[in-house]
Amino acid sequence: MTYAYETRGQWIGGAWVPSRGGGSEDVVSPATGAVIGKLITGTTRDVDDAVESATSAAAVLATMTPFERAKLCFKIAESIEKRKEALAKLLSLEQGKPLHSEAYAEVGEAAECFRLWGEEAKRIQGAVHTSADANKRILTIRQPRGVYAVITPWNWPLTMPAELLAPALAAGNSVVWVPAPTTSLTAALLAECIAEAELPKGAVNLVMGHGPVVGDAVAAHPGTRGIAFIGSTVTGEKVAARGAGKALLLELGGNGPFVVCHDADLDRAAQGAAIGAFLCAGQSCAAAGRILVDARVAKPFCEKLVAEVQRIKLGDPADPATTMGPVNNTATADKTERHVNDAVAKGAKLVTGGKRKPGMPTPLYFEPTILENVTPNMQVFSEETFGPVAPITTFTTEEELIALADLGHHGLVAAVYTRDLARSVRLAERIRCGVVNVNESTNYWELHVPYGGVRRSGIGRIGGQRSLDEMSEVKTIILDVRGNS
């Protein structure tokens with residue numbers, strides 16, 4: 001069989017090498033249902049090879065100046081931009097997101113990640129500390145940790161790897177990267193962009209396969225010194241357990257409270273909720289997972305949100321008119337359907353959507369859905385749906401709102417819509433999330449800003465210098481400046 005896209009093994013030591021196990025599987029597009037490529041699956045022995053290669057490269061990267069590493073990041077950004085068309089089209093076909101409204105933007109964002117952390121590398125700083133001893137001088141410097149295990153998901157298969165690979169390299173670490181298998185073709189094409197930058201051999205190694213095999217192996221491997229992971233809470237906790245004692249940077253699941261107060265600009269709030277619930281077909285850890293609306297404005301808000309949904313065009317990701325594509329995989333579609341059915345069975349009102357769109361090439365096209373009268377005993381409230389559903393729950397007092405917002409174990413991103421400055425500050429301080437956006441969607445973030453979760457939504461922060469701090473370690477140097485007697 002001839003494949004449109006075919007991985008050539010694993011990228012280890014600056015070359016494509018055959019997998020040790022010789023396994024492979026077809027890659028099926030969620031958009032068309034057609035086989036679009038072949039994935040060569042890796043083994044634990046491939047991970048061993050990649051860690052060995054990365055260990056050699058780590059020593060080379062550590063001797064390079066931050067300015068030299070910055071140039072490498074800039075070259076990767078240029079390569080990504082040159083391959084914009086190919087990357088965006090493969091991303092859309094393999095992941096399912098609309099080509100024109102989302103995929104092109106993601107390619108640009110991935111390039112910007114390498115550009116931004118290239119610049120941030122130039123600003124890595126140490127410090128001079130005072131001493132109680134007049135004969136001592138105390139310095140602190142930042143040094144790379146060594147080999148990083150980087151494990152990334154399928155919902156943003158370019159941006160999210162770039163968010164971790166770029167600062168890892170900028171800080172002077174080498175990497176063994178394990179991407180999600182459902183978007184490994186896109187990962188392989190990104191690896192080709194990285195290869196064009198002529199990094200030291202083994203600086204970035206790509207091992208593709210299934211998480212329980214290669215992801216587990218790289219997390220637990222004694223040769224990896226740090227783990228950077230983006231994905232679900234359940235998987236992230238398994239990764240953390242396997243990598244116990246290593247430096248951890250984990251961005252995990254969310255079920256963000258999206259708060260609409262009685263004085264909110266309802267047009268703006270409805271627009272933000274639509275972005276929060278339906279961007280990337282709802283497959284975002286920063287999605288508006290629980291929409292909490294003051295009962296006094298619930299009806300007009302819902303009407304405006306319905307109007308926003310009516311403007312969404314669910315269809316072929318390659319069609320310029322499409323603004324929402326299919327979900328990526330059967331498990332996500334099934335979970336979305338299960339959550340909607342559970343909510344309706346327990347008394348929620350289905351306002352719009354609620355099912356898979358008939359007549360589509362695959363059963364992964366799930367209609368943008370709005371539910372009213374959602375209560376905490378429903379799965380759609382208590383669990384992260386990760387699909388295109390906007391569940392609306394009402395509140396009457398601020399204390400009730402805080403109690404609803406803090407239910408569950410997530411704490412990644414929240415949004416608060418209000419015209420009252422004092423209320424916005426008060427709620428932002430009280431809601432237990434790592435990020436709170438005021439009068440902006442839960443999905444809004446800028447790459448240089450600290451981002452991460454509390455409770456079971458993560459450990460550490462990515463963004464700008466914070467990523468470099470997480471992916472390096474502090475060394476203290478104490479000097480005695482007395483001369484020889």
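This is a predicted model: local features need pLDDT of at least 70, side-chain atom pairs count only at pLDDT 80 or more; totals for chains, interfaces and linings use all residues.
## Helix packing around helix 4

Helix 4, which spans residues 99-121, packs against helix 2, which spans residues 66-82. Their axes lie 8 Å apart and form an angle of about 170°. Angles over 145 degrees count as roughly antiparallel, and helix 2 and helix 4 are therefore roughly antiparallel to each other. On the side of helix 2, the contact involves Pro66, Ala70, Cys73, Phe74, Ile76, Ala77, Ile80 and Glu81. These residues meet Val107, Ala110, Ala111, Phe114, Arg115, Gly118, Glu119 and Ala121 of helix 4. By class, this contact of helix 2 with helix 4 comprises 12 nonpolar, 1 polar and 3 charged residues.

Helix 4 also packs against helix 5, with the axes 9 Å apart and an angle of about 15°. That angle makes helix 4 roughly parallel to helix 5, and the crossing of the two is right-handed. Helix 4 contributes Glu106, Glu109, Ala110, Cys113, Phe114, Trp117 and Ala121 to the contact. Helix 5 contributes Thr159, Ala162, Glu163, Leu165, Ala166, Pro167, Leu169 and Ala170. The residues of this contact of helix 4 with helix 5 divide into 11 nonpolar, 1 polar and 3 charged.

## Helix 13 and helix 14

Another pair is formed by helix 13 (residues 398-405) and helix 14 (residues 421-430), whose axes are 11 Å apart at an angle of about 35°. Helix 13 passes helix 14 in a right-handed crossing. Glu398, Glu399, Leu401 and Ile402 of helix 13 make the contact with Arg423, Arg426, Leu427 and Arg430 of helix 14. By class, the contact of helix 13 with helix 14 has 3 nonpolar, no polar and 5 charged residues.

## Pockets and cavities

| Space | Volume | Lining | Classes in the lining |
|---|---|---|---|
| Largest pocket | about 1200 Å³ | 42 residues | 17 nonpolar, 17 polar, 8 charged |
| Second largest pocket | about 460 Å³ | 21 residues | 10 nonpolar, 5 polar, 6 charged |
| Largest cavity | about 100 Å³ | 16 residues | 7 nonpolar, 8 polar, 1 charged |

In the largest pocket, the lining residues nearest the centre are Trp154, Phe229, Gly231, Ser232 and Thr235. Helix 7 (211-220), strand 11 (226-230), helix 8 (233-242) and helix 11 (330-345) each supply at least two residues of this lining. Helix 8 provides the largest share, 6 residues.

The second largest pocket has Glu109, Trp156, Thr159, Leu279 and Asn443 nearest its centre. Two or more residues of its lining come from each of helix 4 and helix 5 (159-170). Helix 4 gives the most to this lining, with 5 residues.

The model holds 3 cavities of 30 Å³ or more. In the largest cavity, Ala287, Gly289, Thr385, Phe386 and Gly387 are the lining residues nearest the centre. Helix 9 (266-278) and strand 17 (389-395) each supply at least two residues of the lining of this cavity.

Definitions and conventions. Residues are numbered from 1 along each chain as its sequence is written. Side-chain values use heavy atoms; hydrogens and water are left out. Axes are lines fitted to C-alpha atoms, for helices over the stretch in contact, and angles run from 0 to 180 degrees between N-to-C directions. Helices (H or I, at least four residues) and strands (E, at least two) are DSSP runs, numbered from the N terminus. Angles under 35 degrees count as roughly parallel, over 145 as roughly antiparallel, 65 to 115 as roughly perpendicular and the rest as oblique. Contact means heavy atoms within 4.5 Å. Ala, Val, Leu, Ile, Met, Phe, Trp, Tyr, Cys and Pro count as nonpolar, Asp, Glu, Lys and Arg as charged, and the others, Gly among them, as polar. On a 1 Å grid over the protein atoms alone, a cavity is a set of points where a 1.4 Å probe fits but cannot get out, and a pocket is an open set with protein on both sides within 12 Å along at least five of seven lines; lining residues have an atom within 4 Å of a point. Grid points are joined across faces, edges and corners, and a volume is the space filled by probe spheres set on the points. A crossing is left-handed if the near helix is turned anticlockwise from the far one by less than a right angle, and right-handed if clockwise.
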